[in-house]
Amino acid sequence: MAIKYTEDHEWLDVDAGCATVGITHHAQDALGDVVFVDLPEVGKHFDAKEVAGVVESVKAAADVYMPVSGEVTEVNEALRADPSLANSDPLGAGWFFKVKLSEPSQLDALMDDAAYGAFSANT
Amino acid sequence: MSSSTDPLRQTPLHTLHLELDARMVPFAGYDMPVQYPSGVMAEHHHTRTGAGLFDVSHMGQLRLLGPDAAAALESLMPVDVIDLPVGKQRYGLLLNDAGGILDDLMFVNRDYQHNGDVFVIVNGACKVADLAHIEARIGSRCEVIACPELALLALQGPQAVTVMQRLAPGIEKLLFMSGGRFSVMSQAQGTHQQIDIFATRSGYTGEDGFELSVHEKKADALARLLLAQPEVKPIGLGARNSLRLEAGLCLYGNDLDTTTTPVEAGLTWAIQKVRRSGGARAGGFPGADIVLAQLAGGDSAPKRKRVGLKALERIPVREHTLLQDTAGHPVGEVSSGLLGPTINEPVAMAYVLTGCAGPGTRLNALVRGKLVPMEVVAMPFVPTRYHRG
């Protein structure tokens, strides 16, 4: 399935009802060097838009929102150990967490690649 | 001071850093590595388990020559320089006339009484001002020689002595805060090259280790020789900061500045008895009246003190964060703070009202509108492992 994006500059890669979530290149660029991430608790259920974590850079700290409702199945321990992965590989090795979707229809409201491209060009 | 339009200076290891794919940032007017590809936390952990190599060539190195060198330097600090034995190193504080700290530094008696010198290492960001201050105050009493041709490397960690002993047998006999001259042989590209170093067994990480002063022309060869040893990895300034904070060591500019006296800063251990009231060489340094009065306590005791803090939740509490007591009254401000990778908790240094400075005191930090509970704790946060023999 194609990658989806939120207005909070997060991406979702959905596979078999489970989404891997991270921040976009636009987000990491705006943040600057990431020095700390606070990741959600595995097994915890979040509603969409709930604060699931924090990403802190030398410049600022930003809440990380749960893009879709679901249960956190895995968090990226490598990112916790090396927060700079969010800058060097935000779309790959810098993923934040995986969530099992409880309401897959929420994906319909999210942006596709083209829509996100236009959106982030204006923010 | 360099202006933002001055080009960044480079240390002799600049090419090496780029080869190692370091992420470079401006620091003290130099283009310096903040981390290498392994990242700050991995570099921090490696320094506490193996041997980490740091380029600290941005720091200033000076020599003071002449029979009066020690007495002259002593007149600028609340520290005993005169009785420091040959080959020994000590921590010092340059003070201004209000007793505030201009810089913290390390000095070594390299036998100034017999044509040697007092060797001084100062912070990179302060070196220009320090040199001017020292020259102005004591330039008529001793020769003051800046050494911009010298580079400075640090090899820190439990494996540092294993590495250095392999390259310079005998160096393992140095005790913490001692120094000596050694030579190592580099065999890069088939040529034999002797590299002379002045090594001290000291550093800024809380671990055993060495600081190595070497001529800039040999610095790259020395660094590559050290990196060729299996125990050694390159370490950037990011990890240098987390290592020193866990070790309870101050960073000038954050934890010390011209508004902090040595007593407020909790550095009275560095003021030897001989310079205190009643000592044989009491006073006789800038701001002595103020500092000695603060040491005497009572009404003159400082109103604030530097303390160590741990957060009770996993939220890093960084410099400039405001602190309040549990009743909500402002009591101080954080001067340094981060998530300590070894202790795996947020740790910080802060200046707080003396009444809140006792270990166990609970305070709250205001972080992004939320109160984070903290507790005053003794430092170091991670036990130090200096080689005292």
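Visitor: How many bridges pair β6(B) with β7(B), and in which sense do the two strands pair?

Guide: Before the answer, a word on what you are looking at: this is a predicted model, in which local features need pLDDT of at least 70 and side-chain atom pairs count only at pLDDT 80 or more, while totals for chains, interfaces and linings use all residues. Residues are numbered from 1 along each chain as its sequence is written, and chains are lettered from A and ligands numbered from 1 in the order in which they are written.

The strands β6(B) and β7(B) pair in the antiparallel sense, and six bridges hold the pairing. Two strands count as paired if DSSP finds at least two bridges between them, and the strands themselves are DSSP runs of E with at least two residues, just as helices are runs of H or I with at least four, all numbered from the N terminus. Within this pairing, B:L105 stands opposite B:V122 of β7(B). The two strands form a hairpin with six residues between them, where B:D111 takes a positive phi near 60°.

On its other pairing, β6(B) meets β5(B), again antiparallel, through seven bridges. Here B:V108 of β6(B) is the residue that stands opposite B:Q89. This pair is a hairpin as well, with five residues between the strands, and in it B:G99 has a positive phi near 80°. The strand β6(B) is mostly covered, since 10 of its 10 residues are buried, where buried requires 20 or more other C-beta atoms within 10 Å of a residue's own, exposed 12 or fewer, and partly exposed a count in between, with C-beta atoms placed from the backbone.

These pairings belong to an open sheet of five strands, which follow the order β5-β6-β7-β4-β8 in chain B with antiparallel pairing. The edges are taken by β5 (89-95) and β8 (143-146) of chain B, and because each has a single partner strand, one side of each is left without a neighbour in the sheet. On average, neighbouring strands of this sheet are turned by 30° against each other, with direction ignored. Continuing along the order, β7(B), residues 117-122, is joined by five bridges to β4(B), residues 60-65, and these two also run antiparallel. In this pair, B:L62 has B:V120 of β7(B) as its bridge partner.

One of its pairings joins β11(B), residues 193-200, to β12(B), residues 209-215, antiparallel and with four bridges.

Finally, consider the nonpolar cores, each a set of buried Ala, Val, Leu, Ile, Met, Phe, Trp, Tyr and Cys residues joined through C-beta atoms within 7 Å. In the largest core, of 109 residues, B:L64, B:L73, B:L153, B:L155 and B:L222 touch the most other members. Leaving out residues up to four places away in sequence, B:L155 touches several residues, including B:L53, B:A160, B:M164 and B:L212, where contact requires C-beta atoms, placed from the backbone, within 7 Å. Apart from this core lies another, of 28 residues, with A:V34, A:V37, A:L110 and A:Y116 among them.

Conventions. Two residues are in contact if their C-beta atoms, placed from the backbone, lie within 7 Å. Axes are lines fitted to C-alpha atoms, for helices over the stretch in contact, and angles run from 0 to 180 degrees between N-to-C directions.
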